[in-house]
Amino acid sequence: MAHKSLVLDSFDEATEPFEIEEFLAAEQQKDLLRFTTAGSVDDGKSTLIGRLLYDSRSIYEDQIKAVTRAHSGDASSIDFAQLTDGLRAEREQGITIDVAYRFFATPKRKFIIADTPGHEQYTRNMVTGASTAELAIVLVDARKGILTQSRRHAFIASLLGIRHVVAVVNKMDLVDFSEEIFAQHQRDLLSLAEKLEIPSLLSIPISALDGDNVVTASERTPWYTGPTLLEHLEAVPIAEQLPQASFRLPIQRVIRPHQHFRGFAGQIASGTVRPGDRIVALPSGQTSRVQSIHTFDGELESAFALQSITLTLEGEIDISRGDLIAHQGKAPQISTEFDASLVWLHAEPFSADKSYLLKHASQTVKAQLQIAQRLSIETFEQQPAHTLALNEIGEATVKTSRRLILDSYRDNRITGSFILIDPTTNATVGAGMVRRAIEESNIVNKPKSGVAILLSQSELVSTVEEQLLRAGEDVVVTHTQKPLVMHTLLQAGLIVLICVQDSAQDKARTEIITLDERGEFSKQFISSNVEAILQGVRQLKQGVERDDRQL
């Protein structure tokens with residue numbers, strides 16, 4: 001069944017001459033909705049998006065011809081999924097593998113769609129596509145109901161703070177547009193939304209292949225009186241929290257073209273700022289007032305969330321890249337430790353013994369993580385765990401080498417999110433959402449000590465250094481054994497490789513030095529092979545961090 005689009009009919013009936021300047025001005029005034037599709041494999045996500053693009057007249061003729069099975073030109077012969085599945089492997093297998101982004105517009109709003117894959121092994125791609133979305137479309141096959149992958153995607157949508165969810169019950173044509181079947185799925189979806197604390201969920205019965213209730217209302221669902229999918233997308237409120245939230249400006253660059261101008265540039269993460277507002281620079285805590293707001297188009301009287309601006313302040317205060325400007329009295333927390341939800345994105349499982357790089361806003365720091373629990377997608381219950389495998393979701397405690405400026409993810413997506421990077425491969429291995437920053441007064445500071453290793457073989461020094469750097473450790477190689485130098489390096493938590501030229505040293509044993517809880521040197525001897533040395537270093541560092549016992 002083909003449906004005629006009514007989205008742009010107002011343009012067809014226009015009698016006034018077309019003015020490009022007016023058109024561009026009108027386009028600039030439209031707001032932008034980013035949304036993602038989610039659901040299990042073969043639920044019809046790509047077909048739905050293809051139908052949405054086709055019925056809203058957002059597809060060029062050559063694109064339609066490229067995906068038309070026969071040259072009849074009739075909509076029923078178009079393979080709508082091919083409009084978004086652009087990879088050769090996707091077209092050959094008939095599945096979505098990578099995230100496909102598509103732009104389209106109607107007279108009321110502009111849209112960016114993230115078509116995400118449904119297969120479990122591509123869950124990480126769904127996280128990527130949903131991370132910037134303000135609305136999620138969760139598809140359910142009318143014949144099968146809610147499947148495990150649909151539950152996983154719905155949970156990730158809630159985890160990422162997506163406030164608006166549209167539950168689309170697809171393939172209604174295969175169940176004869178049964179009102180009873182739709183009502184049962186609707187009850188199950190509302191129950192799932194309640195468990196996941198999704199504040200807004202709307203269920204719509206559709207047939208993506210035939211176009212029922214996608215752009216135009218279907219005559220085959222007289223019992224459904226709600227909006228079509230496009231009508232809802234055009235009407236749903238977006239970014240309603242950002243302007244009202246507390247002001248946050250992560251600094252990306254300090255602009256100083258000459259001695260009379262010093263500006264702090266970045267994109268506003270949330271809130272609104274005006275000249276005269278009292279601000280605080282973090283983490284230094286210095287205060288000032290906003291003097292002026294600059295953009296490429298000139299000065300502004302006010303600026304709001306997601307605008308890229310440059311602020312000048314009254315008086316000179318020290319601010320650099322990685323700092324953050326906030327309103328006084330509404331500043332975020334500053335801490336080196338916080339609790340977070342973590343989605344593991346890499347084939348190599350998480351290792352608690354490994355140090356990762358954590359990128360947060362415009363800062364990159366070293367981090368150690370401890371997994372406390374793993375989430376069961378089937379029951380949404382927490383299970384004790386110490387590691388995460390690919391696509392698993394868990395709760396973790398994160399400790400960083402430098403203080404971070406943090407909000408909870410629900411309050412602010414930018415200052416409440418981070419990614420984990422493997423320092424050896426530079427691969428992104430995890431994505432996290434801050435749940436709670438631990439106040440620095442509540443952080444128990446255990447005595448810290450590095451490890452000094454005395455090595456007499458230059459080849460052994462090079463091998464041990466390479467292995468430790470690969471594990472993400474901070475390593476210093478030196479020839480001095482002066483007590484003051486060693487004490488300072490160990491207090492800093494470094495691993496110190498000391499090249500010893502003493503021919504009398506026992507080459508079968510290696511001396512390792514740490515600081516005890518009183519700050520005095522403590523010595524041990526281990527076997528002089530690489531694996532024994534690395535194991536000894538791991539045990540000593542973990543022992544120092546976990547408890548106060550003398551080494």
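**Two helices in contact**

Author: In α6, Thr123, Met126 and Val127 meet Gln149, Arg152, His153 and Ile156 of α7. By class, this contact has three nonpolar, three polar and one charged residues. Keep in mind that the model is predicted.

Reader: At what angle do the axes of α6 and α7 cross?

Author: Roughly 35°, and the axes of α6 (residues 123-130) and α7 (residues 148-159) come within 10 Å. The crossing of α6 past α7 is right-handed.

Reader: New topic. How many salt bridges are there in the whole structure?

Author: A search finds 13. Side chains of opposite charge can pair when their charged atoms come close.

Reader: Give me one. What does Asp407 form a salt bridge with?

Author: With Arg248; the closest N and O atoms are 2.8 Å apart. Asp407 sits in the loop between β21 (393-406) and β22 (417-421), while Arg248 belongs to strand β7 (residues 248-250), so the pair ties together parts that are 159 residues apart in sequence.

Reader: Is Asp407 buried or exposed? And what about Arg248, buried or exposed?

Author: Asp407 is buried, at a relative accessible area of 11%. Arg248 counts as buried too, with 4% relative accessibility.

Reader: Which side chain meets Asp422 in a salt bridge?

Author: That of Lys354, at 2.6 Å from N to O. This pair also links distant parts of the chain: Asp422 is in the loop between β22 and β23 (428-437), Lys354 is in the loop between β17 (333-344) and β18 (356-360), and they are 68 residues apart. Asp422 counts as buried at 3% relative accessibility, and Lys354 counts as buried at 14%.

Reader: What about Arg374, which residue does it form a salt bridge with?

Author: Glu392, with the closest N and O atoms 3.1 Å apart. Arg374 is in strand β19 (residues 363-375) and Glu392 in the loop between β20 (382-384) and β21, 18 residues apart. Glu392 is partly exposed, its relative accessible area being 26%.

Reader: Which residues are linked with Asp141 in a network of salt bridges?

Author: Arg143 and Lys171. Asp141 is located in strand β4 (residues 135-141), and its relative accessible area is 0%, so Asp141 is buried.

Reader: What else is Asp141 in contact with?

Author: Leaving aside neighbours within four places in sequence, Asp141 is in contact with Asp42, Asp43, Asn170, Lys171 and His185.

Reader: On to sheets. What is the order of the five strands in the open sheet?

Author: β25-β26-β24-β27-β28, with mixed pairing.

Reader: Which strands stand at the edges?

Author: β25 (475-478) and β28 (521-527). Each has a single partner strand, so one side of each is left without a neighbour in the sheet. On average, neighbouring strands of this sheet are turned by 20° against each other, direction ignored.

Reader: How do β24 and β27 pair?

Author: In the antiparallel sense, over three bridges, between β24 (residues 451-455) and β27 (residues 509-515). Ile453 stands opposite Ile512 in β27.

Reader: And the helices next to those strands. Which strands does α10 lie across?

Author: Helix α10 (residues 458-470) lies across β24, β25 and β26 (495-499), and runs at about 170° to β26. Helix α11 (residues 483-491) packs on the sheet as well, touching β24, β26, β27 and β28, and its direction makes about 70° with that of β27.

Notes: Residues are numbered from 1 along each chain as its sequence is written. This is a predicted model: local features need pLDDT of at least 70, side-chain atom pairs count only at pLDDT 80 or more; totals for chains, interfaces and linings use all residues. Side-chain values use heavy atoms; hydrogens and water are left out. A salt bridge is a side-chain nitrogen of Lys or Arg within 4 Å of a carboxyl oxygen of Asp or Glu. Helices (H or I, at least four residues) and strands (E, at least two) are DSSP runs, numbered from the N terminus. Buried means under 20% relative accessible area, exposed over 50%, partly exposed in between (1.4 Å probe, protein chains only). Contact means heavy atoms within 4.5 Å. Axes are lines fitted to C-alpha atoms, for helices over the stretch in contact, and angles run from 0 to 180 degrees between N-to-C directions. A crossing is left-handed if the near helix is turned anticlockwise from the far one by less than a right angle, and right-handed if clockwise. Ala, Val, Leu, Ile, Met, Phe, Trp, Tyr, Cys and Pro count as nonpolar, Asp, Glu, Lys and Arg as charged, and the others, Gly among them, as polar. Two strands pair if DSSP finds at least two bridges between them.
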